[in-house]
Amino acid sequence: MTWKACALAFLLLMITSCSMNRNTTIETPTSSYIEWKEQIDLLLGGHPYLFPQYQSQVGPLEFVLEHSSANQVDYSLYRSDAYAINHELNGVHTVHDFYYSYSWQQGSSEKIDQSDIYSEFGITNNSGSSLAEYHKDGIEVYQLAEYQKENSEIINEIIRLLNEAHVPAAQILLKNLENEASLDVRITGLAETVEITFSVREANELKLYLKDLGSSYNS
């Protein structure tokens with residue numbers, strides 16, 4: 001292989017690598033995003049809520065408001081062809097279209113039962129997998145034991161962000177998928193419960209979802 005071919009191969013490798021990582025810098029939202037977000041602000045009224053930071057590479061999102069009452073709000077975001085707001089998911093979607101979900105419930109601060117945690121990871125007596133637990137500063141992280149080393153940076157960063165947001169207690173289910181890690185973050189220890197679900201490829205992407213966490217609940 002000539003030096004030019006080597007240089008081209010290296011360049012293509014770098015481009016591919018960069019495209020796999022999400023941009024973690026602050027971007028200016030488009031006018032269509034701003035209009036869509038303003039409509040959601042009005043729809044949610046005075047409810048506390050949290051949105052991931054705007055990322056142009058994610059593309060348009062469909063906001064699905066699954067429940068809204070004085071004491072509870074649940075919604076999800078899905079990748080879509082255009083910005084939309086609905087009360088149920090419309091059209092044909094795949095599991096890869098799911099982007100983010102948020103749930104807030106007042107007057108409830110229940111932790112996830114241990115048996116439910118094992119069930120979430122598909123662990124049974126015959127599964128051959130074991131669950132690893134990590135406890136620090138009131139934060140519990142659960143993951144499959146074989147991914148402990150791989151997830152160490154993500155765990156350290158999420159604990160830092162939760163401490164920064166003065167979260168008193170939380171349970172985190174960290175599941176490793178093919179190219180990313182899925183996180184189910186449940187904040188407890190309050191007179192309310194907040195639950196957020198999203199995925200990241202690297203630890204530095206966590207701030208895209210948790211930077212404003214302290215404003216997402218009342219306590």
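Reader: Which residues does leucine 61 touch, when those up to four places away in sequence are not counted?

Author: Leucine 61 touches Trp36, Leu77, Tyr78, Arg79, Ser80, Ala82, Tyr83, Ala84 and Tyr99, where contact means heavy atoms within 4.5 Å. This is a predicted model, in which local features need pLDDT of at least 70, side-chain atom pairs count only at pLDDT 80 or more, and totals for chains, interfaces and linings use all residues. Residues are numbered from 1 along each chain as its sequence is written, and side-chain values use heavy atoms, with hydrogens and water left out.

Reader: Why does leucine 61 count as buried?

Author: Buried means under 20% relative accessible area, exposed over 50% and partly exposed in between (1.4 Å probe, protein chains only). Leucine 61 has 7% relative accessibility and therefore counts as buried. Leucine 61 lies in strand β1 (residues 61-69); strands (E, at least two residues) and helices (H or I, at least four) are DSSP runs numbered from the N terminus.

Reader: What makes a set of residues a nonpolar core, and which members of the largest one touch the most others?

Author: The set must consist of buried Ala, Val, Leu, Ile, Met, Phe, Trp, Tyr and Cys residues joined through side-chain atoms within 4.5 Å. The largest such core has 47 residues, of which Tyr75, Tyr100, Tyr102, Leu183 and Phe198 touch the most other members. Helix α4 (residues 152-164) contributes the largest share of this core, six residues. Another core, of eight residues, lies apart from it and includes Ile117, Phe121, Leu131 and Tyr142.
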